[in-house]
Amino acid sequence: MRISIAKYLMLILFYFSILILLPTDLLYSQNTTKTFLYDEHESVPRTHNIDITNIFIDVSFEPLQGMVKGSVSHTFIPIQPNVDSVFFDAPSIIIKSANINGSPIKFKQSVTGVSIHPSVSFTIDQSYLLKFEYEATPRLGLYFIGWNDSLNQSRKQIWTQGQAYDNRYWVPLFDKQNDKATTEVKVRFDAQYKVLSNGEKLLEKDNKDGTKTWHYKLSKPHSPYLIMLGIGKYEIKSLKSKGGVPIDLWYYPEYPERVSPTYIYSAEMMDWFEKELMVKYPWGRYAQIPVQDYTFGAMENTSATLFGDFYLVDERSYLDRPYLYVNAHELTHQWFGDLVTERTETHHWLHENFATYYGNLFTGSVKGMDYYDWSRKTAIDQSLEASKKDLLPIAHSKAGTVRHYPKGAVVLDMLRYVAGDESFRRTMKYFLEKHAYQNVDSEDLLIAFHEKTGLSLDWFWEQWIYRGGEPRYDVSFKELNDNKGKRISEFTITQTHETNELVKLFTMPIVVEVHYKNGTKASQRVTISEYRQIISIPNPSNQDIDFVLFDPNMKIIKSVKFEKTFEILAAQAQRAPNMLDRYEALVALRAYSVNEKLDVLLATFNKETFHATKAEIISQLIDSDNSDAIALIRKALSDADADVRRAVVVNTKKVNQSLLFEYERLLADKSYGVIEITLDKLCSYFPEKSEDYLRATYNITGTRGNNIRLKWLEIKVQKDINTYGKQVSVYAGRSYEFITRVGAMNLMKKLNYLDETGVKNIFDCALNANNKLSSDGVALIKHFSGQLVLKKMIDSYYQSKTWQPWQKTILSKAGL
């Protein structure tokens, strides 16, 4: 049908006039808006105009100068037409030359990097080989440890830390995670040392000048922040998992006895992950290497995890801080983080949440599921505390440690609870295989669930991934009779948290349970989504109720107000099947006097096997003069679990004289942590016996950070500050690893003690590349500068030296 232009315009005006007259609520009644917090920092991946397919690094070192020099060759393919310049991150790196396919190419350096400029634009989809010759003296990314120790006591090492974007400081790179490449690393160094890098070792060759050449190659693509080097004096224990994965465990030659407690379950762990994920380890060989002065716990470099040597523990240190969980956490990253990598930091939870979740799950498989459940309980508490500061979601670059690690791990546990065990595992396998050696974002995992299982979990993503906050439930319970005289258990559940455009009412399936005195139970799993819901559970046999539970075993991240009678709490504390429910009841019993709850606590303690429930009971009875309570504390002081013994000492405010012998025995405890706390408290409570206690512990240095030796000095220095204060100052020096140095500086501040050695050492700390050491050193200089006499010592030392510009910049933060 034809229509004239005039009539067409009249029809448009007619329909438009109708729209104007329509009420706006009708116009927009079908539109729904959803509000999420936009991540303005890292939501968009960095633009790049080439695809780097291989990176070949060939370097040597001058460790006394802190210098790296050599070359890097990038094989790349332009992915945009008419590429006439390419930028590489290279702050403070000196580029000596650049060539493309063997011919010189024009380049320009800036503060942040180097750009190349071909005379003719690069051709799209054609392969090129770019080579930079360079040298650098980096203060980030590559670390030279111990080479300038005047006492020659420190280890001498070179190692890297690429995350987040620090490899750019020692090698020119496109240093973002959204371009993956295969890598090769070739190193020439002193033959007395060993070298580790990513992948398979292709070559280890002696050179005539007393050096060796090592050549490593990783044949599958990974992100550049995962490139690593570890150089030092080591021995290696090699083993294989049952699945055939070769594993190299690096350790210090003088500590062979530390291999077993440090790397316990390493082979079994590999098999467990391959079975749980249903995806084979993707990198061929796996290695782990300890290093000195590492600020963090560990780093999941592809095929080669690097970790702080404070985790290289003997059997006694294992009791205080074992490597076990960290080991499992970093191994998880070989799949979640290395194989499948975040596209931007908005999706960092796809790395750390998974590593925390599976790390805890494996550790629970060997230490008992109470351990795993306790990790969830701890995470829930941390999550609720974090939400008091802000309501950022876990899918946000600024979400913070709590949300990127523990909260997200519990979110994954809830996701498994919601989706079901089989659907969860099948989806993880599908997700890993579909996106192997690729970058992903949060939606990719959501889509994987739908594609593999048919589950539409957008609602879960919206409230737990893309929004922050947690639900708060007020729960009440009562018994009713129906019209036939049968009992009914009724739960009223109200969501009472504040709601706004970013935090809504939550939708979650939650279990409620009624446990009867005859040992049976009734339960319902109900989706709670409304402001207030009532759940009725029939009791057709009219059984007497023993206790009731809302969300047994704390499956949901939440806060709960649920008031219960003493009788119900007592029953729950003694007979609830799950440790967390028993613990919850014990915490609620804090409100009652010792006389009211003593029998319950005694009976519960004798049945409990997990340290947290025992510790809670200890905290409630530690001050009691009741003979049965004292007997319980005596029993706890010799408990086989070091965490239980530690709980007694931590909670002790005064020592019952009848238990003094048991406390004194702890000065020879297997746990260094228990010894440290016990020494401190005994010397405080019994100063007349402090010399005896100090003699008993004189030869014990302790574990992480020489903890017992520094505690010993803290006590002893009160009697002779000049003699023992000097020893404290020495511990702040280069001969010791950073944890000991930080501990020594803290003690210097506490004692308000400073001598010439101390001044030199805290300046050295302030200028150290280790961020923790540097920040504490700067803070201590600033602290002492506030006192006239000590300020003169600091000013005198500062004026006696010639400082480089970067050193002046750091020291200016201390007011110099």
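Residues are numbered from 1 along each chain as its sequence is written. In this predicted model, local features need pLDDT of at least 70, side-chain atom pairs count only at pLDDT 80 or more, and totals for chains, interfaces and linings use all residues, while side-chain values use heavy atoms, with hydrogens and water left out.

Helix 7 contributes Y357, N360, L361, T363, G364, S365 and K367 to the contact, and helix 8 contributes M369, Y371, Y372 and S375; contact means heavy atoms within 4.5 Å.

S442 lies in helix 11 (residues 442-453). S442 is buried, at a relative accessible area of 0%, where buried means under 20% with a 1.4 Å probe and protein chains only. Beyond its neighbours within four places in sequence, S442 is in contact with H347, W349, L350, A395, W461, I465 and Y466. With H347 there is also a side-chain to side-chain polar contact at 2.8 Å; a polar contact is a pair of N or O atoms within 3.5 Å, one able to donate a hydrogen and the other to accept it, and residues adjacent in sequence count only if both atoms are side-chain atoms.

Further along is helix 18 (residues 642-651), in which seven of the ten residues are buried. Those residues are A642, V644, R645, R646, A647, V648 and V649. Their cover includes helix 16 (611-621), helix 17 (627-637), helix 19 (660-665) and helix 20 (672-685). At the N-terminal end, D641 caps helix 18, with a side-chain oxygen 2.8 Å from the backbone nitrogen of D643.

The last stop is D755, in the loop between helix 24 (738-751) and helix 25 (756-766). D755 is buried but has no salt bridge, and the nearest side chain of opposite charge, K726, is 6.5 Å away. A salt bridge needs a side-chain nitrogen of Lys or Arg within 4 Å of a carboxyl oxygen of Asp or Glu. The side chain of D755 instead reaches the backbone nitrogen of G758 at 2.7 Å. Not counting residues up to four places away in sequence, D755 touches G725, K726, S729 and M793.

Key. Helices (H or I, at least four residues) and strands (E, at least two) are DSSP runs, numbered from the N terminus. Buried means under 20% relative accessible area, exposed over 50%, partly exposed in between (1.4 Å probe, protein chains only). Lys and Arg count as positive and Asp and Glu as negative; His and the chain ends are not counted.
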